[in-house]
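Colleague: I would like to know what the words used for this model rest on. Shall we go through them one at a time?

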Amino acid sequence: MSDSPYHDDHGNKDATITNKAGMGTMTPAHRKSGKTQYVGGGPFLIGDSMTGGYGKGPDILHDCTIAVDKGEIAVIVGPNGAGKSTAMKAVFGMLDVRSGSVRLDGEDITNLSPQDRVVKGMGFVPQTSNIFTSMTVEENLEMGAFIRTDDFSDTMEQVYDLFPILKEKRNQPAGELSGGQRQQVAVGRALMTKPKVLMLDEPTAGVSPIVMDELFDRIIEVARTGLPILMVEQNARQALAIADKGYVLVQGQNAYTGTGKELLADPEVRKSFLGG
Amino acid sequence: MIVVEDVHKHFGGFHAVDGASLEIAKGSITGLIGPNGAGKTTLFNVIAGVLPPTSGKVTMDGEDITGLPPHELFHKGLLRTFQIAHEFSSMTCRENLMMVPGSQSGESLWNTWFGRKRIADEERALRAKADEVLEFLTIEHLADHKAGQVSGGQKKLLELGRTMMVDAKIVFLDEVGAGVNRTLLMTIADTILRLNKERGYTFVVIEHDMDFIGKICDPVICMAEGKVLAEGTLDEIKANEHVIEAYLGTGLKNKDKLEAGS
Amino acid sequence: MSEPVKNTLLFVLVGGLILLTGFMQSWNSAVLILNMGLISAIMAIGVNLQWGFAGLFNVGVMGFVALGGLAVVLISTTPTPGAWSAGGFGIVLALLLGAATVTAAVMIAQKMSKGRARTISLIAVLVLGFFVFRAVMDPNVAAVEAINPAAAGNIGGLSLPVLLAWPAGGLLAAGAAWLIGKTALGLRSDYLAIATLGIAEIIIAVLKNEDWLARGVKNVIGLPRPVPYEIDLQNDPGFVESAASLGLDPVTASTLYVKLGYSVLFLVVLLVLLWMAQMALKSPWGRMMRAIRDNEVAAEAMGKDVTRRHLQIFVLGSAICGIAGAMMTTLDGQLTPGTYQPLRFTFLIWVMVIVGGSGNNFGAVLGAMLIWFLWVQVEPIGLWLMQVITAGMPDGSALRAHLIDSAAHMRLLTMGVVLLLVLRFSPRGLIPER
Amino acid sequence: EDVKIGVILGFTGPIESLTPSMADGAELAMKEVTDSGLLLDGATVTSVRADSTCVDAGAATAAAERLVTSDKVDGIMGADCSGVTGAILSNVAVPNGVVMISPSATSPALSDAEDNGLFFRTAPSDARQGEIMTQVLLEEGIKSVALTYTNNDYGKGLADSFQQAFEAAGGEVTISAAHEDGKADYSAEVGALAAAGGDRLVVAGYVDQGGSGIVRAAIDSGAFDTFHFPDGMIGSKLEENFGDEIDGSTGQHPGTDSPGVAKYEEIVAGAFDATSPFTPESYDAAALIMLAMQAAGSKNPADYKEKVMEVANEPGEKIYPGELAKALQILKDGGDVDYVGATAVELIGPGESAGNYRQIVIDGGKITTAKYR
Amino acid sequence: MDFLNAFVALSNFVLVPAIAYGSQLALGALGVTLIYGILRFSNFAHGDTMAFGAMIAVLATWWLQSIGVGLGPLPTALLALPIAILGCMLLVLITDRLVYRFYREQKAKPVILVIVSMGVMFITNGLVRFVIGPDDQNFADGERFLISARDFKEMTGLEEGLAIKTTQGITVVVAVIAVALLFWFLNKTRTGKSMRAYSDNEDLALLSGINPERVVMYTWLIVAALATTAGVLYGLDKSFKPFVYFQLLLPIFASAIVGGLGNPLGAIAGGFIIAFSEVTITYAWKKVLTYLAPETLEPSGLVQLLSTDYKFAVSFVILLIVLLFKPTGLFKGKAV
Ligand SMILES: Nc1ncnc2c1ncn2[C@@H]1O[C@H](COP(=O)(O)OP(=O)(O)OP(=O)(O)O)[C@@H](O)[C@H]1O
Ligand SMILES: Nc1ncnc2c1ncn2[C@@H]1O[C@H](COP(=O)(O)OP(=O)(O)OP(=O)(O)O)[C@@H](O)[C@H]1O
Ligand SMILES: CC(C)C[C@H](N)C(=O)O
Ligand SMILES: [Mg+2]
Ligand SMILES: [Mg+2]
C-alpha cells in the first residue's frame with residue numbers, strides 16, 4: 001500500500017505484456033548479509049525491542065519483543081493492523097529494524113539477509129500463497145530443501161510420515177490440492193530445511209474447523225519433536241489454548257504477555273481481542 | 001427470493017459445484033458453511049454472475065438471472081462484498097461511496113460537457129448521502145482519507161457501506177471473518193443485523209467461524225463436494241453427523257497429550 | 001517549488017526551446033516543430049486517455065493515425081471519373097457481403113450450442129463467404145485499378161472540404177477501434193497489446209496493397225489544403241505589401257503565414273480536445289473510470305459495465321489518434337502508406353506519454369512537444385557533437401568517418417536515454433498525475 | 001562568398017545503407033568544385049547533411065525546413081525516396097523557392113508534380129525503364145516471367161509500367177507479387193513465385209534489401225536460376241552476394257557508353273563504394289546545381305533554376321566527372337557546357353533524366369555490359 | 001511419380017523453409033517467454049538483443065576468418081557463437097545491473113519494466129547500428145547446401161528439386177539441442193527448478209532460501225544464449241541486418257502468445273504455427289495441384305487463397321482465433 005510511483009500500472013491487466021502471477025511483495029531489508037555476533041543467553045529465538053517500519057514509511061513496530069524457546073509454542077494475537085505480520089517479517093529480516101535486535105540461539109542475526117537466516121535454521125510459512133502451485137508436491141518439498149547440500153531423502157520421509165496424504169499425492173501439482181492439504185504442503189516445505197525454529201503466519205485463516213483442528217494437531221506433533229514454533233493466529237482462543245506463551249500486540253507494541261492460559265483467563269484480553 | 005436449481009459448475013473435468021439446489025428466503029440471513037473446496041465461493045460467483053454455470057438455473061423473485069453479468073445484477077439489487085476487501089484504493093472513502101449509485105447522469109460523457117448543471121445538483125445529493133452512510137458506519141472522520149490507507153477492518157466496513165448507498169435487496173458476503181480480529185468481527189455482525197432489521201436487506205454469509213454464524217444466521221446451509229449436505233438452524237446443523245464428519249470435526253486429539261507432556 | 005509553478009516552468013522551458021530554434025535556426029523551423037508538436041500532442045492525449053485513465057495498452061497507434069490519413073484522401077480528393085461505375089459499387093457490394101459473412105459467423109457462434117454441428121456450419125459459412133467475397137471483389141478491384149493507373153487507379157474521394165476529413169478520420173479510426181475492441185477486449189484474458197500491434201500492421205498492409213482505395217504505395221500527393229498556397233500569397237501584391245511593412249521578405253512571410261495558419265487550426269483542435277478530456281475527467285464519469293482502473297472486479301460488482309467503458313475509452317482514444325492522423329496528412333499534403341512505421345508512430349508516441357506523465361493530459365501535451373523537439377533536433381545536435389569530438393582526428397581517418405556517419409543513429413539512442421532517465425528520476429513523468 | 005548545398009537523404013531508415021555513399025558522391029563533386037576555386041568568385045561549397053529518413057514525411061519536412069530556413073542552403077541535393085521527395089518539394093522547396101535535384105526519386109508521379117520549375121532529377125522516371133526492360137527480355141527470347149517488386153512507389157510503379165509494356169508486347173507475367181523490405185522471411189513469396197513459374201524472375205527491388213533476400217531464397221530452393229534485374233538491384237553487392245550463382249541473368253540500369261562511369265570510379269578511387277546505387281546520380285545532381293549557379297552567375301535559386309536544363313543538355317562541351325573545373329572555367333568565360341557526368345545526364349520534359357540504359361549480363365559472377373540503349 | 005513430385009515441391013517451398021523459420025522463431029519466442037515467466041514482463045528489447053548477439057558473432061566470425069580459422073564445410077560462425085553468447089551475456093547483465101535491477105528493487109509493477117524495455121530497445125538499436133552500421137552483413141561461409149535442388153533432381157530423376165541448405169540443417173539441429181538442454185535444465189537441475197519456483201511464487205522462493213538475484217541472473221544468461229543463438233541462426237540463414245531484428249519482434253511475440261506466454265513448450269509450438277501459417281496459407285497451390293489433378297482439371301489460376309501481401313495478417317488472425325478458443329494460448333500460459 002505504499003505510494004511508490006513505480007507501483008502504478010494504471011489498472012493494466014493486459015496479459016500480453018505483464019504477468020502478475022506469483023509476483024513478489026517482500027522486500028528484504030538486507031540483500032547482502034552483514035556480520036553476526038555471538039552474544040549468548042536469552043531464549044532460542046528473540047526479536048528484542050524491535051522498532052521499525054516499511055521502507056521510509058513510519059514506524060509500525062515500537063519497541064516490540066517476541067520470543068520463543070526450545071520446545072515451546074508461542075502465539076501472537078492482536079487486532080488487525082496491529083503489526084503481527086510485521087513483527088514476523090522483522091524477525092525474518094524482511095524489514096529494517098531501526099533499533100533492537102534479532103537473536104537466534106544466542107547469535108545476533110539482525111544484519112543477516114533472509115536467505116542466510118534460512119541457512120541459519122529459520123523456517124517461515126506465510127499466511128497466503130505459501131506453496132508453489134505449478135510444481136508437484138515433491139518438488140515443493142525439494143524447494144524447501146533448496147539450501148541443503150546433504151542428502152535430504154530421510155527428512156522427506158519424515159515429512160511424509162507426518163503428513164501421509166502428501167505421500168499419496170507426491171506427483172500431483174500442489175495447486176490441485178484442497179485448502180487443508182495445501183497448508184500441510186506449506187508446513188512440510190518449511191520442515192524440509194530442517195529448521196531450528198518454525199514461524200507460521202495465520203496458518204488457519206479461512207480454513208474449515210475440521211482442517212483447523214487437524215492442523216493444530218500436526219503443529220503440536222511438530223512442536224513435540226522439540227522444534228520451537230512461533231505463530232500468529234486470529235483463531236486466538238484455540239491457539240492460546242495450545243500455547244506455552246502468548247503475546248498480544250496492539251499498535252506495534254506489546255500489550256499483554258503471558259502463558260496461553262493466563263491470557264485466556266484475562267477478562268480484558270478476552271473482551272478486546274478474543275471477541276468476548 | 002433467490003432460488004438455485006440444480007446448478008453445476010465444471011472446471012475441465014472437475015465438478016466444483018455439482019448439482020446444488022437451495023432457496024434463500026426474503027429477509028433472512030442465511031449462513032453458508034462447508035469444508036474448503038466445497039464449492040461455496042464458486043456457487044457465489046455463479047449467482048453473482050462472475051462465472052457462467054455449466055448448467056442449472058438461478059432465479060431472483062421469479063425472474064431468471066442465470067449468467068447475467070455482475071453489473072446487471074447490481075441494478076437488480078443483488079450486491080456482493082469480497083473476501084479480501086476490494087476498495088478503490090486511490091479514491092477517498094467518500095468517493096468510494098459516491099461512485100456506487102448507478103444511472104448517474106454524470107456517467108454519460110455527453111453530460112460532462114453539456115449537462116454540467118444537472119451533474120452538480122446530483123453530486124450534492126450524493127455527497128450528503130455518502131456522509132450519512134459514513135456516519136452510520138462510525139467512520140465519518142475518514143471521509144477524505146484515501147481508502148487504500150485505512151485499516152483492514154475499516155475497509156470491510158466500507159465494503160458494507162457501499163451496499164447502503166443504493167437500495168440493495170440481497171447482499172452476499174464471502175468470508176467477512178477470515179483474518180479479522182474477533183472483536184471487530186462482532187461489530188460487523190451487529191452492523192449486519194442492523195441492516196437486516198432497519199433496511200430489510202437479505203444476507204447470504206459464507207463463514208468458517210461458528211460463533212459468528214451462530215450470532216446472526218438463520219437458517220444455515222452446509223455444502224460439501226459441490227452439493228448441499230444439510231440445511232436448518234445452526235443447532236440442527238451442528239448435530240448433523242455428516243456435517244461433523246465433513247466439516248466440524250471433533251476437536252483436537254493431541255491437546256491433552258501436549259499438556260500432559262509439558 | 002509548488003506544483004503549478006513547476007509545471008508552468010516546464011511548459012515555458014519547452015516554449016523556450018522552440019523560441020530558441022526560432023532565433024538560432026529559423027522561425028520556419030520553429031513553427032514547423034510547433035505544428036508537428038501540436039499534432040503529436042493530440043496523439044499523446046489519445047494514448048493517454050487509453051493508458052493513463054483506463055490502463056489499456058494500445059500499441060497500434062500507427063494504424064489509427066494511418067486511417068485518419070486515409071480519411072483525408074476519401075473526403076477531400078476529387079472522385080476518379082468512371083471509377084464508381086466501373087467497379088466502385090461492386091466493391092461496396094463485396095465489402096457488404098464480407099461483413100454479412102462475419103456477422104453470420106458470429107451469430108452462429110452465439111446462437112448454436114457448442115458441438116460439431118456448430119463448428120462445421122461455422123467453417124462452411126466462413127469458407128463460402130470468403131470465396132463469394134473474392135469472386136465479387138476481385139474483378140471490381142481490377143476494373144477500378146485499371147483506370148489510368150499512373151495517376152489514379154483508385155475510386156477517389158468526395159471533393160469535400162479537407163477540414164471535414166478531420167472528424168471523418170476520427171470516425172474511421174473509431175470504427176476500426178470498435179471492431180478491435182469488440183474482439184480483443186472480449187477475449188477472456190486481455191490481449192490488447194498484441195491485437196493492436198498486429199491490427200496496425202494489417203491496416204498498413206491494406207493501405208499499401210489495396211490500390212483501389214487510396215492508390216496504395218503509389219501514394220496520393222497534392223491533397224487539398226485548408227490554408228492558402230505560399231505561391232499564391234507571394235503573387236498577391238496586397239500580401240507582399242503588408243509583409244514588407246512588417247519588414248519581411250515575401251517568401252519568408254508567406255511560408256510563415258501558412259504555417260501559422262496551420263498552427264492556429266491545430267491549436268484550436270488541441271484546446272477543444274483538452275477541454276473535453278479535462279471536463280470528462282473531473283466529472284462522475286472520470287470518477288467511474290478511476291474506480292474501474294483501481295479495481296475492475298469491484299467496479300463491475302458496483303454496477304459499472306467495465307467492458308463497455310473500456311470499449312468506450314478505447315474508441316475515444318483511437319478516434320483522437322485518427323483525428324491527429326488526418327491533421328498530419330493534411331499538413332504533409334500527401335498520403336504515403338509506406339511511411340507508417342511503428343517505431344515512429346507508435347513507440348515514439350508512447351515515449352511522449354510516459355515522459356510527459358501518464359494520467360495527466362497536460363503532461364501528455366508537454367511530453368509530446370518536448371520529445372518531438374528532440375526527435376527533430378537531436379540529429380543536428382548529434383552531428384555537431386560528433387564534429388566537435390572528431391575535430392582533433394586526422395582528416396580521412398576511418399574512425400572519424402564512422403563516427404560522423406553514425407551521428408544520425410544518435411536519435412534512437414537519445415530517445416532511449418531520455419526515456420530511461422525520466423523513468424528513473426521522475427517515474428511518473430514530468431507532470432505527474434495528481 | 002560561401003555556397004551551401006543541402007544533402008538530404010535517408011541516413012536512418014530503410015535505405016540507410018545506400019545513403020552514405022550517395023552523400024559521399026555528392027560531396028565529392030562539391031569538394032572538386034571548392035578545390036578548383038572557380039565557382040562564382042572562388043566560393044567554397046559546403047555540404048549540409050540532413051536526414052530524410054526515407055519514410056517519415058514529417059521528419060523529412062522538418063529537416064528540409066531547417067536546411068532552407070536556418071542553414072540557408074542555396075540548393076538541395078535530394079531527397080532520395082519518392083515519398084519524402086514529394087513532401088519536401090511541396091512543403092518546403094516550392095514555398096521557399098529552392099532548387100531541388102533528386103538523384104534517385106524515380107516515381108513516375110513526380111513528373112507531374114507542381115514544382116514551379118524548381119525540381120529536377122538525375123534519375124529517369126520508371127515509366128521508361130519498363131519499356132527498356134521489355135525490349136531486353138524479348139530480345140533474349142523470354143516470353144514468360146514471374147515478377148516481384150519491393151512494395152513502395154518505386155517498386156510498384158516500375159512493376160506496373162513493366163507489366164503493361166511486357167504484356168502489350170505479347171509477353172506473359174505469371175504473377176506480380178510484392179515483397180516488403182526488411183522482413184524476416186521470404187519463403188512464402190518465393191513459394192508463390194515458384195508455383196506461378198516463368199522463364200525468369202524479375203526482381204524490382206533493392207539489392208541490399210528484400211530484393212537480395214528473394215534472390216537468395218529463389219536460388220537456394222532451386223525455384224529460379226536466372227533473373228532479371230532493374231536498377232535498384234544492380235550494384236557491387238549483387239556480385240558479392242551471389243557471384244556466379246546467377247550467371248546468365250540480365251538487367252539494365254540508367255547509364256551510357258559514355259566514359260562517365262569509369263571516370264567517376266576513377267576519381268572516387270575507392271574512397272567509398274562508387275558502384276552503390278545512385279551514387280553517380282548524386283554526384284551529378286550536386287554538380288548540376290553548381291554548374292547552373294556558375295552559368296547564372298548567382299547562387300540565388302530563382303536565378304539559376306532556369307540554367308539547370310541548359311548546362312545539362314546540348315549544346316556545349318561534354319563534361320565528365322573530374323572535369324568540373326574545366327566546366328566552371330568554360331561557363332565563366334561565357335561558353336556552353338553539356339554536362340554528361342557519371343550517368344550521361346540528359347534532362348528531358350519536366351526536368352528528369354532522359355533515360356539511357358546500360359544492359360548488363362552476369363557472366364562469371366561479374367556484372368558485364370551487354371550493350372547500351 | 002506425380003505424387004512424389006507434388007510432395008517434393010511442397011517440401012521444398014513449404015515444409016523445409018517453414019521448419020527452419022519456425023525453429024528461429026521458436027528460439028526467439030523461448031527467450032521472450034522465459035523473461036515473461038520469470039521476470040514477468042514482455043521484453044520489447046528482445047529483437048535488438050538478438051541483433052546485438054548476432055553482431056558480435058559477425059565480428060568474431062570476421063576475426064576468425066582473418067586469422068584463417070574455420071570449420072571446413074560448416075560455417076565459421078558456429079565457432080564464433082560461444083564468443084557471441086558471452087558478449088551478449090555481458091550486455092544483458094550490464095543492462096540488468098544499470099537498468100532493470102533498480103526497478104526490481106523498487107518492486108515496480110511489471111508494466112514499468114515493459115516501458116523500460118522500450119527504452120533499452122531504443123538504446124540497443126542505436127548501439128548496434130553505431131558499432132556495425134545499418135548495412136546487410138553476410139557472414140555465412142562453408143558449404144552452402146546439404147543437398148541442392150540440382151543434385152536432388154539428378155539423384156532422384158524427379159522433375160522437382162529439393163534443396164536443403166546447410167544453414168537450415170544447422171538451424172534445426174542447434175534448435176533441437178538448445179531446446180533439449182533448456183528443458184533438461186529447467187526440469188532436472190536444482191538451479192532450473194529454483195527458476196521455476198521463482199516464477200511460480202517469488203516470495204516463497206525467497207523464504208526457501210533461493211537467492212532472487214541469482215535466479216534473475218541465470219534467466220538473463222539463458223535468455224542471452226537463446227537470443228544470440230536465434231539471432232546467429234537467423235543471420236546465417238538469411239543475412240545480418242540490424243533493422244530486420246526489430247521486425248522479427250512481432251512474429252516472435254505472436255509465437256509466444258499463440259503457444260501460451262510463459263510456457264516454453266508453447267513457445268516452440270507457437271514458433272512453428274506462425275511460420276507454417278505464413279508460408280502455407282499464402283502458398284499458390286497451382287504447382288502441386290498440377291501434379292495431382294488429371295490433365296483436364298489442371299488449375300488455370302494460381303490457386304492462392306490470399307496474396308503474400310497479407311501473409312502477416314494471416315498469422316495474426318490465427319493468433320486471434322486461438323485466443324478465442326484457448327484464452328491462455330495452446331499450452332496453458334501464465335496469463336490470468
Ligand atoms: N508492505 C507494506 N508497506 C507499508 N505498510 C505496510 C505494509 N504491510 C503492512 N503495512 C502496514 O503495517 C501495519 C501493520 O500491518 P500487519 O500486516 O503487520 O498487521 P497484522 O497485525 O498482521 O494484521 P492482520 O491481522 O490484519 O494480518 C498496517 O497499518 C499496514 O497497513
Ligand atoms: N477457476 C478454477 N479452475 C479450476 N478449479 C477451480 C477454479 N475455481 C475453483 N476451483 C476448484 O473448485 C473447488 C471449489 O472451490 P471454491 O473456491 O468454491 O471452494 P470454497 O467452498 O469456497 O472453499 P473455501 O472455504 O476454501 O473458500 C476447489 O477444489 C477449487 O480448487
Ligand atoms: C534510393 C531509392 C531507393 C529511391 C527509389 N528509387 C524511390 O523512388 O523511392
Ligand atoms: Mg497479518
Ligand atoms: Mg471460498
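Modeller: In chain B, 68% of the contacts between residues at least 6 apart in sequence join residues at least 24 apart. Contact means heavy atoms within 4.5 Å. The model is predicted, so local features need pLDDT of at least 70 and side-chain atom pairs 80 or more, while totals for chains, interfaces and linings use all residues. Residues are numbered from 1 along each chain as its sequence is written, chains are lettered from A and ligands numbered from 1 in the order written, and side-chain values use heavy atoms, without hydrogens and water.

Colleague: How many helices and strands are there in chain B?

Modeller: Chain B has 11 helices and 10 strands, counted as DSSP runs (H or I, at least four residues, for helices; E, at least two, for strands).

Colleague: What makes a residue of chain B count as buried, and what percentage do?

Modeller: Buried means under 20% relative accessible area (1.4 Å probe, protein chains only), and 57% of the 262 residues of chain B count as buried.

Colleague: What makes the pair between Ser82(D) and ligand 3 a polar contact?

Modeller: A polar contact is a pair of N or O atoms within 3.5 Å. A polar side-chain atom of Ser82(D) lies 2.4 Å from an oxygen atom of ligand 3, so the pair qualifies.

Terms used. A polar contact is a pair of N or O atoms within 3.5 Å; within protein, one must be able to donate a hydrogen and the other to accept it, and residues adjacent in sequence count only if both atoms are side-chain atoms. Buried means under 20% relative accessible area, exposed over 50%, partly exposed in between (1.4 Å probe, protein chains only).
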